[in-house]
Amino acid sequence: MLSAADIRAAAQSRVRWELLVNLVRKDLKVKYKNSALGFLWSLANPLLYLVVFDLVFSVFLKSNVPYFAVMFMSGLLVWNFFNLSTLSATGVVVGSANLVRKVRFPRVVLPLASVGFAAVHFVLQILVFFVFLLAFYRAFIGPQLLLLVPALAVVIVFTIAMALLVSSLNVRYRDTEHLLEIALLAWFWLTPIVYPVSRVQGELVPRHLFWAFMANPMTAVVTSLQRAIYRYPVVVSGGQPVKVLATGGYGFYLKWLGVAGVTSLVLLAAGLVIFRRMQADFAEEL
């Protein structure tokens, strides 16, 4: 039999969940209100990136990576999820100042709603991407797709942790939003999305610095997703073998996903502590 405390906790969880779902639904309606194409606009950004980068690195600056678009999109879509979630979460508490000052509710749902909003777009984009793969790159079908499960789990935890941190810090330190935009731009280029991780591995392994590059949680996630979808670490181009992804078997990717997972959990714990401590002053700061 459930105790009164258990019943109360279950009721509070249900209220938080319903509030979170309603906030995500509201954001989606506001985003695409009076839009003829609706959610199809969420595909415009990745499709533009796909066309531009595929043109540049397949025609003008040849990367010698067969099916470059597959490798590129495998990393870009998950990066877009992380980037949109984090940027949206940064200003979500400040943007909801009137609500925060006047209504008592669990403030933690605000940054979580930003992650949920980005997650809806990510799911739509990844479904379209898989339709593209079924038409043009059926080699992605295989047991390596199981890497998607730990990779997506890690990026969700890491993204939530970052959303909690930046949303709370931006209330007191308004420069957080501007600094984050610059940091994410640099972060994008420090993550092997546009270029293959094999080139970085070749340069940094002799210097014993490759571990520092892989310690970036988004690098572990992106390379694992590329391994899950692009499938082959070494491909043949022009009769010559071309190393595209990091070699070392699945153990290499699981190892770095494990490191990223531990980092994400530590960051999540820190984010929850900081958010809970700072939320008491949200009304005054706003």
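Begin by selecting Asn-83, a residue of helix α3. In this predicted model, its relative accessible area is 21%. Because buried means under 20% and exposed means over 50%, Asn-83 counts as partly exposed. Although Asn-83 and Leu-185 are 102 residues apart along the chain, their C-alpha atoms are separated by 9.4 Å.

**The whole chain**

The secondary structure comprises 13 helices and two strands. Of the 286 residues in the protein, 43% are buried. Consider next the contacts between residues at least 6 apart in sequence: 78% of them join residues at least 24 apart.

**Helices α3 and α7**

Select residues 68-90, which form helix α3, together with residues 148-172, which form helix α7. Two packed helices are described by the angle between their axes and the distance between the axes. At what angle do the axes of α3 and α7 cross? The crossing angle is roughly 25 degrees, and the axes come within 7 Å. Angles under 35 degrees count as roughly parallel, and α3 and α7 are therefore described as roughly parallel to each other. The crossing of α3 past α7 is right-handed. To see the contact, display the side chains of α3 residues including Val-78, Phe-81, Phe-82 and Ala-89. On the α7 side, the residues in contact include Val-155, Phe-158, Met-162 and Asn-170.

**Helices α7 and α8**

The contact is made by Phe-158, Met-162, Val-166, Leu-169 and Asn-170 of α7 and by Thr-176, Glu-177, Leu-180 and Trp-187 of α8.

Select Tyr-67, which lies in the loop between α2 (44-60) and α3. Most residues other than glycine have a negative phi. Tyr-67 has a positive phi, near 55 degrees.

Move to Arg-231, in the loop between α11 (217-229) and β1. Arg-231, too, is a residue other than glycine with a positive phi, here near 80 degrees. Its relative accessible area of 22% makes Arg-231 partly exposed.

Continue to strand β1 (residues 234-237) and strand β2 (residues 240-243). The two strands run antiparallel and are joined by four bridges. Which residue of β2 is the bridge partner of Val-235? The partner is Val-242, while Val-236 stands opposite Pro-241. β1 and β2 form a hairpin with two residues between them. In the turn, select Gly-238, which has a positive phi of about 60 degrees.

**Ser-198**

For the last stop, select Ser-198 in helix α9, residues 197-204. Is this residue, Ser-198, buried or exposed? Ser-198 is buried, with a relative accessible area of 9%. Beyond its neighbours within four places in sequence, Ser-198 is in contact with Lys-243, Val-244 and Leu-245. Finally, show the distance between a polar atom of the Ser-198 side chain and the backbone oxygen of Val-244, which is 3.0 Å.

Key: Residues are numbered from 1 along each chain as its sequence is written. This is a predicted model: local features need pLDDT of at least 70, side-chain atom pairs count only at pLDDT 80 or more; totals for chains, interfaces and linings use all residues. Side-chain values use heavy atoms; hydrogens and water are left out. Buried means under 20% relative accessible area, exposed over 50%, partly exposed in between (1.4 Å probe, protein chains only). A polar contact is a pair of N or O atoms within 3.5 Å; within protein, one must be able to donate a hydrogen and the other to accept it, and residues adjacent in sequence count only if both atoms are side-chain atoms. Contact means heavy atoms within 4.5 Å. Two strands pair if DSSP finds at least two bridges between them. Axes are lines fitted to C-alpha atoms, for helices over the stretch in contact, and angles run from 0 to 180 degrees between N-to-C directions. Angles under 35 degrees count as roughly parallel, over 145 as roughly antiparallel, 65 to 115 as roughly perpendicular and the rest as oblique. A crossing is left-handed if the near helix is turned anticlockwise from the far one by less than a right angle, and right-handed if clockwise.
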